[in-house]
Amino acid sequence: MIIEDIIIKRQVSQLKKPFKTALRQTDVIESIIVFINTDRGLGVGEAVPTPAITGETLESIVAAIKWIKARLIGMRVASDLLMEIQTAIVGNTSAKAALDMAIYDLLSQEVGLPLYQYLNKKSELQTLSTSHTVSLNGVGEMTHDAASYVEEKFESLKVKLGNDVDLDLARIHAIYDVVPDVTLSIDANQGWSEEEAIRFIEYLNHEKIQVDCIEQPLYRKDYLALSRLGQQSDIPIMADESLFDMYDANVIAELGGVSWFNIKLMKSGGIYGALRIHQVAQAKGIQCMLGSMMESHIALTAAMHLAIALEINKIDFDAPFMLKEKLIIGGISYDGPKVSLTDRVGLGIDNKALWEALIDDESL
């Protein structure tokens, strides 16, 4: 299986309502879709720009993919290409993730297996339950959203907070009052100081508000403060923006205090890097969740395959649920919070139909 060409296309997916966090706001998911065309098959992957987290824009993703493309054309599809992608350029993790997904798609197609079984032959197809994110808004809108997601059968909610701890206290109290029986987690997206995070935790304890974990409360590079907070908090702390690769994972694990890793393909450079973060977590006794940026069904299909292969049951794959429509045939599917795959080979996406559906963009 020889790589003949790598084609870049753009996909714009409309959200049902705007998505807001302490770092950004959007009403669409803009994706760069990569097709790796070989003499015997077609592989697909997706990259999404998240400048406030990965530092990537649509333009930089396209430029990075073109840079790496020059090294891949004419190469035989094999597992050593995964390291080639990672070392071709520094950073640019979302661009790498798209190419990584497409290579894994091709590798598993070549042996006639769904990707989750290519990654772990002992793994079995299963349905998982995702949480749903409550976007950062005013108290009234957030409580309304939380109640509506529970009506849609979601049993776990991730509440976006940050940048105003006093308002955050009111937000979480109101949400807890409205949906006291669901599992709540908090994601501050680096939006608090260490003192504010301590105050927030003390408030939760005083008010007896139960939360599953607090995700990335502090600035991503302040590993020491994150460790201190985790060691004194009786609520588990999860690392997200602090965690891009196995080296971050080792630093965080050695410092201690962090109980959870949020592994995302757009941060890890794809499945190849995610597997190495998971290896560190297993060695250090840290639990893992597989999460996502604002990605479409394509990238989340790859993430779902990885979750099944690694037997990770805690997932945050709600972004496609927020879309007005599904733009692929096959791949990941949703029934409320229940997320499933088919046992079709590779990613299980109809790559040819997707290729034909996406309009060529000459600006790329």
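Residues are called buried when their relative accessible area is under 20%, exposed when it is over 50%, and partly exposed in between, as calculated with a 1.4 Å probe on protein chains only. The structure described here is a predicted model, in which local features need pLDDT of at least 70 and side-chain atom pairs count only at pLDDT 80 or more, whereas totals for chains, interfaces and linings use all residues. Residues are numbered from 1 along each chain as its sequence is written, and side-chain values use heavy atoms, with hydrogens and water left out.

By the accessibility criterion, Cys213 is buried, with a relative accessible area of 2%, and Cys288 is likewise buried, with a value of 12%. A disulfide is defined as a pair of cysteine sulfur atoms within 2.5 Å, and a search of the whole structure finds zero of them. The cysteine sulfur closest to that of Cys213 belongs to Cys288 and lies 12 Å away, which is too far for a bond. Cys288 is also in no disulfide, the nearest cysteine sulfur being that of Cys213.

Secondary structure was assigned from DSSP runs, with helices (H or I) of at least four residues and strands (E) of at least two, numbered from the N terminus. Helix H2 (residues 80-87) and helix H3 (residues 93-110) have axes that come within 10 Å and cross at roughly 175°; these axes are lines fitted to C-alpha atoms, for helices over the stretch in contact, and the angles run from 0 to 180 degrees between N-to-C directions. Angles under 35 degrees count as roughly parallel, those over 145 as roughly antiparallel, those from 65 to 115 as roughly perpendicular, and the rest as oblique. H2 and H3 are therefore roughly antiparallel to each other. With contact taken as heavy atoms within 4.5 Å, Leu81, Leu82, Ile85 and Gln86 of H2 meet Lys96, Leu99, Asp100, Ile103, Tyr104 and Leu107 of H3. The contact of H2 with H3 has seven nonpolar, one polar and two charged residues, where Ala, Val, Leu, Ile, Met, Phe, Trp, Tyr, Cys and Pro count as nonpolar, Asp, Glu, Lys and Arg as charged, and the others, Gly among them, as polar.

Leu72 is placed in helix H1 (residues 58-72) and is buried, with a relative accessible area of 0%. The C-alpha atom of Leu72 is separated by 10.0 Å from that of Ala88, a residue 16 places apart from Leu72 along the chain.

Side chains of opposite charge can pair when their charged atoms come close. A salt bridge is counted where a side-chain nitrogen of Lys or Arg is within 4 Å of a carboxyl oxygen of Asp or Glu, and the structure holds 14 salt bridges. In one of them, Arg40 pairs with Glu110, the closest N and O atoms being 3.7 Å apart. This pair links distant parts of the chain, with Arg40 in the loop between strand S2 (25-38) and strand S3 (42-47) and Glu110 in helix H3, 70 residues apart. Arg40 counts as exposed at 54% relative accessibility, whereas Glu110 is partly exposed at 33%.

Lys158, Lys160, Asp187, Glu215 and Asp316 are linked in a network of salt bridges. Because Asp187 lies in strand S7 (residues 183-187) and Lys158 in strand S6 (residues 156-160), the pair ties together parts that are 29 residues apart in sequence. The side chain of Lys158 also meets that of Asp316 in a salt bridge (2.7 Å, N to O). Asp316 lies in the loop between helix H12 (297-310) and strand S12 (333-335), so its pairing with Lys158 ties together parts that are 158 residues apart in sequence. Both Asp187 and Lys158 are buried, and Asp316 is buried as well.

Most residues other than glycine have a negative phi. Lys153, in the loop between helix H5 (139-151) and S6, has a positive phi near 80° and counts as exposed at 61% relative accessibility. Asn163, in the loop between S6 and helix H6 (165-178), also has a positive phi near 80° and is exposed, with a relative accessible area of 55%.
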